[in-house]
Amino acid sequence: MKKFLLVVSLTIILMSGGLMVNAHQNEDRIDNTLTTEDVLMALIKPKLDKIVKDQYGKEMIVNPMKVNNVAIITKPGSTKGKDEFEGWYELDMSMMVGEPDKNPSWDHISLKVDAPNIGGTAPHVISDKIEGIEVELVKYYKEK
């Protein structure tokens, strides 16, 4: 009886392991040379597209080209108490706006990127959810 249970247990373990391997093999993984800028752009691209649309008055092709500078801005939080600080990132970047083969514009933009865990005092992270990130326009420079 013990041998039978052992054989059944091993069979179940081996079969379930095979199912996990097969499930993993069904995923499509595209190995690419990605950077931290690529991850950042994926997070802010919808807001960036909206800002450009507001600037030009119509949908435009937006190709972020380079992050020129990132700074963290902190200031004493007047509403949080004298020992706490507010903080956000200010992101300056260059981007190509318009169709690449039809004389695109090289624009520069400054964005304020704010999230609950930037700056401040401990505890920074209340939850492991990525939410509450706000992206606001600081300055927009169109190519002339």
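Biologist: Why does glutamate 59 count as exposed?

Modeller: Glutamate 59 has 61% relative accessibility, and exposed means over 50% relative accessible area, buried under 20% and partly exposed in between (1.4 Å probe, protein chains only); therefore glutamate 59 counts as exposed. The model is predicted, so that local features need pLDDT of at least 70 and side-chain atom pairs count only at pLDDT 80 or more, while totals for chains, interfaces and linings use all residues. Residues are numbered from 1 along each chain as its sequence is written, and side-chain values use heavy atoms, with hydrogens and water left out.

Biologist: What makes the contact of glutamate 59 with lysine 53 a salt bridge?

Modeller: Their closest N and O atoms are 3.4 Å apart. A salt bridge requires a side-chain nitrogen of Lys or Arg within 4 Å of a carboxyl oxygen of Asp or Glu, so the pair of lysine 53 and glutamate 59 qualifies. Lysine 53, at 37% relative accessibility, is partly exposed.

Biologist: Which class of accessibility do lysine 50 and aspartate 54 fall into, and how are the two placed in helix α2?

Modeller: Lysine 50 is partly exposed, at 45%, whereas aspartate 54 is exposed, at 51%. They are four residues apart in helix α2, which means a separation of about one helical turn.

Biologist: Where does α2 have a kink?

Modeller: A kink of about 55° lies at isoleucine 44, shortly before proline 46; the bend is the angle between axes fitted to the seven residues ending at a residue and the seven starting there. Isoleucine 44 is also one of the buried residues of α2, with Met41, Leu48, Ile51 and Val52.

Biologist: Why is tyrosine 89 called partly exposed?

Modeller: Its relative accessible area is 36%, which lies between the limits for buried and exposed, so tyrosine 89 is partly exposed. Tyrosine 89 lies in strand β2 (residues 85-97).
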